[in-house]
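Here is a brief report on one protein chain. It covers confidence, helices, strands, charged pairs and aromatic rings.

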Amino acid sequence: MPRCQQRLDLPLDHFRLLGVSPATDAQTVLRQLQLRLDRAPEQGFTVETLQARADLLRASADLLSDPVRRQSYESDLTALAAAAEPLLPALEVPSSREVAGLLLLLEAGQPLEAFQMACRALQPPQAPALGSSREADLTLVAGEAALAAAADQSHGRHYELAARTLQQGLQLLQRMGQLPQLRERIHAELDALTPFRVLDLLSRDPAASRERQEGLALLEQLVQRRGGLEGDRDAGFAQEDFQTFFRQMRSYLTVQEQLDLFQRWGSEGSSAAAFLGTITLTASGFAQRKPERIAAARQQLANSGREGIEPLLANLDLLLGDVEGATERFSRGASPELRQWAELQSDEPLAQVCAWCRDWLARDVLPGYRDLDADPDLEAYFSDRDVLAWVEREDRRSGRSFPSSAPVSDPVDSGPLATPWPAPGSLLSGSEFSGLTDPFEGFGSGLEASIGAGIGERDPGPIAPGMALAERRSRRAADPGRRPAVTADPEEPVSLGFPWPGSWSGGHPSPRAAALAAAGALALLVGSSAWLMRSQPRQPPAATVSATTRLAPGGPASSTPAPAAPSPQPVVTGVPRPASPAIDGGSGVLPLSAAEPSADQLRQLLESWLQAKATVLSGAAPPERLDRLARQGLLRQLEQQRALDRSRGRVQAIEVQVRSVAIQERSPRRISLLADLAYTDSTRDGTGRVIDRTAPTSLRNVYVFGRDGDTWRLAATRPAR
């Protein structure tokens, strides 16, 4: 029989095998022996292996407690260390005690060597007999050694090596068909190692394309295992830990890599990914001077159907040169705290928006990309030739929608004061990230607060190995100067996590940037050398010139002239105020409570909403029980829209007819309805003079209805594609 089968050379000396130092005296050696004998492994080794382990420990203790033999042994160790080519000491172990020797090697803190030697012992020709106790003990040593070796490699931040060791151990145990519980432990360790492997692979040089692609694939697996960015199916990876990991991981990805990921996840229904996609599009558009990407981001964010995004849309409006829309939207949507902060930056409304936009870019948009290094310099952005050309081209375009290259929104039910729902595959904005079952119910302050709007807040350091992920979370000190959160709804607070600016070079925008974005009066204020973007003030955007609708359910719109009456509110001459429609269920349809409503029932619900909205926008009292038609988000926005018109002394009239409807999608809690509309509107001031008009046009919109309890209500709308 070959010698390799008779004896095993363990890379140990007697001191390390017993677990004592070379300076230990004989009495301490004997006490250590007794401790080792009393603390036998509990993993389930056979009696034969445990007895062989005890024999090897006693043999080492006997040698080290005998002064003569110990002196001779120490001389041999000294000679090995002083040799021309230093040699490592080794102990020869009989093959009958091979498993015990590997077990002691594992206990001595050399798990990788123990794993490799156990693997070799399980391979032909040394492989033990199938089903023998030696085979079972060798397999157990290999599995335990693989776990211990992977832990050591993880502590050294060699995460891929650790994963390969675990995979080899798992394959060995699967081949042997033994120890299912140990295999589960290895599986769990592999899963826990995944985020560290992702960071390890993605942080490598961009030239290492194979490793980076493997890291992206692992990231996909990790997100799928969680059930998406908002998921919580991975019990071993808490949401807060995932946020810490995600913030750190993003800094290793390029803009395009992030955009590809977020768009794909967004198309699969992830609201968090969709929101991140709009941020990434904005970062790319600003840094590369591609305003069309910012326009796409604005359209996607506006179509998200979520609340609390008005301050963000104001920033995008500003970057697209829509100054009136930006200042108006910021004034309308900013929280009192944010507005107070903006007033500290400047007394000028446009300068306030510029300060807010610049801070948003610096903290929440531009950081977090491997290949992006840009400053939030609005002057440089608006001085760029491509940006100027794009803004001028968009100014020359006709139509209400801005930008006009985007799908035309329905003036009745779209724009910043409505809640459109995105088409399948489009990017969505935030959602509630824990326990969300209905996609129309608002989004909370969970994951998105950390990985969405709080993009610029980097983790202070890498997640360290060797401890629970929960113990590795970044600990941010509370900053009393943080910008207040942007809250969308008192009932459903939305903390987008925007920080206050740490310092400012000045509250006013640079002359060129402000002049590009401003009308003539503001341009004169900030400097006569500024370039004027427009020669005449721009008309308010369509989003703020909404309509007054008069609609008979199931029939065409109509209006009957009537004399104006004195009123403290603006009155439209020649346009009567419709009577408030009754929403009391008298028709037998409303409130709509059928479990599976028909297209005709949904059409009547839609027409009732359009009629009720027209009533409010015309200046009449709101109908009773309007909440039976639409959700609170739409109702609040309708109220804001009317308040804005009232403050400007105007009312609006709409003529709209629902020509046809068709159900596109249906589920127990959500129905998508495609509607063809005939539409026209006009806006009048307090004297009845028409100040704006939309020519008759045909529209195709998708209306989404959600079921709240037993009642169906309108939840969102978007232009059909």
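pLDDT is the predictor's confidence in each residue, on a scale from 0 to 100. A contact means heavy atoms within 4.5 Å. Both terms apply here, as this is a predicted model.

**Confidence**

The protein has a mean pLDDT of 75. Of its residues, 72% reach 70 or more. Residues 1-5 stay under 50, and the model gives them 5 contacts beyond four places in sequence. Residues 398-581 also stay under 50. For that stretch the model has 503 contacts beyond four places in sequence. Among the elements named here, helix H24 (residues 520-526) has the lowest confidence in the protein, at a mean of 29. The highest is in helix H16 (residues 310-319), at 95.

**Helix H25**

Helix H25 covers residues 599-617, which makes 19 residues. At 1.5 Å a residue, H25 should span 27 Å. Gly 619 follows H25 and has a positive phi, near 100 degrees.

**Strands S3 and S4**

Strand S3 (residues 650-666) pairs with strand S4 (residues 670-685). The sense is antiparallel, over 15 bridges. A hairpin of 3 residues joins S3 to S4. Opposite Glu 665 stands Ser 672 in S4.

**Salt bridges**

Side chains of opposite charge can pair when their charged atoms come close. The count of salt bridges is 32.

| Pair | N to O distance |
|---|---|
| Asp 55 and Arg 58 | 3.6 Å |
| Glu 160 and Arg 197 | 2.7 Å |
| Arg 650 and Asp 645 | 2.9 Å |

Glu 160 and Arg 197 meet in a salt bridge. This pair links distant parts of the chain: Glu 160 lies in helix H9 (residues 159-176) and Arg 197 in helix H10 (residues 180-202), 37 residues apart. Glu 160 counts as buried, at 6% relative accessibility. Arg 197 is buried too, at 7%.

Asp 55 and Arg 58 are 3 residues apart in helix H4 (residues 47-65), so about one helical turn separates them. Asp 55 is partly exposed, with a relative accessible area of 25%. Arg 58 is partly exposed as well, at 36%.

Arg 650 is buried, with a relative accessible area of 5%. Its partner Asp 645 is buried at 0%.

Which residues are linked in a network of salt bridges? They are Arg 298, Glu 310, Asp 317, Glu 328, Arg 329, Arg 332 and Arg 648.

**Aromatic rings**

The whole structure holds 11 aromatic pairs. In one of them, Phe 237 and Phe 242 sit edge-to-face, 5.7 Å centre to centre, with 85 degrees between the planes. Both Phe 237 and Phe 242 are buried. Phe 242 also pairs with Phe 245. That pair is tilted, at 5.9 Å centre to centre and 45 degrees between the planes. Phe 242 and Phe 245 are 3 residues apart in helix H12 (residues 239-250), so about one helical turn separates them. Phe 242 has a relative accessible area of 0%. Phe 245 counts as buried, also at 0%. One aromatic cluster takes in Phe 237, Phe 242, Phe 245, Phe 246, Phe 262 and Trp 265.

Terms used
Residues are numbered from 1 along each chain as its sequence is written. This is a predicted model: local features need pLDDT of at least 70, side-chain atom pairs count only at pLDDT 80 or more; totals for chains, interfaces and linings use all residues. Side-chain values use heavy atoms; hydrogens and water are left out. Helices (H or I, at least four residues) and strands (E, at least two) are DSSP runs, numbered from the N terminus. The expected span of a helix is 1.5 Å times one less than its number of residues. A salt bridge is a side-chain nitrogen of Lys or Arg within 4 Å of a carboxyl oxygen of Asp or Glu. Buried means under 20% relative accessible area, exposed over 50%, partly exposed in between (1.4 Å probe, protein chains only). Two strands pair if DSSP finds at least two bridges between them. Rings of Phe, Tyr and Trp (its six-membered ring) pair if their centres lie within 6.5 Å; planes under 30 degrees apart count as stacked, over 60 as edge-to-face and the rest as tilted.
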